[in-house]
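Please read the following points alongside the sequence and the coordinates.

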Amino acid sequence: LAMNEGKENLAAIYFSNALKNINENDTNSELVLHSVLYNAGVCALLRKEYNAAVKSLLLTQESMKGSPILWLRVAQAALGVHSGFATTSVAEAYAESQNAIA
């Protein structure tokens, strides 16, 4: 809901907390993990943190490789990185937090 209301920063906090609380023993944990990572990537894309968006979205390719929307989002984020509009300091901090969780 927060992401749909234009509150991408709040949504990013929610996704970060969700990643920390995923139960590895749950049979659906991989699906939940990829769903949260995808949404975190979209959230980063909306915040124009393109480096973090690319990294999060590419982590979901195992389960979503057949989804055209995933590749559209990856392309949008890659274009943002290429155009040089990425906010690198925030993106790097976000990527580090994702690596710590993964």
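What share of the contacts in the protein with a separation of 6 or more is accounted for by residues 24 or more positions apart?

1. These residues account for 59% of such contacts, a contact being heavy atoms within 4.5 Å. This is a predicted model, in which local features need pLDDT of at least 70 and side-chain atom pairs count only at pLDDT 80 or more, while totals for chains, interfaces and linings use all residues. Residues are numbered from 1 along each chain as its sequence is written, and side-chain values use heavy atoms, with hydrogens and water left out.

2. The protein comprises 6 helices and 0 strands, taken as DSSP runs numbered from the N terminus (helices: H or I, at least four residues; strands: E, at least two). Of its 102 residues, 39% are buried (under 20% relative accessible area; exposed is over 50%, partly exposed in between; 1.4 Å probe, protein chains only).

3. Helix H5 spans residues 68–83. Its buried residues are Leu70, Val74, Ala77 and Gly80. They lie on the same side of H5 because they cover an arc of only 120° around the axis, the arc being that of the directions from the helix axis to the C-beta atoms. On the other side, Pro68, Leu79 and His82 are exposed.

4. The buried residues of H5 pack against helices H2 (29–46), H3 (50–58) and H4 (61–64). After H5 comes Gly84, with a positive phi near 85°.

5. The structure has 1 salt bridge (a side-chain nitrogen of Lys or Arg within 4 Å of a carboxyl oxygen of Asp or Glu). Arg47 and Glu49 form a salt bridge at 2.5 Å, N to O, and both residues are buried.

Technical notes. Expected span 1.5 Å × (residues − 1).
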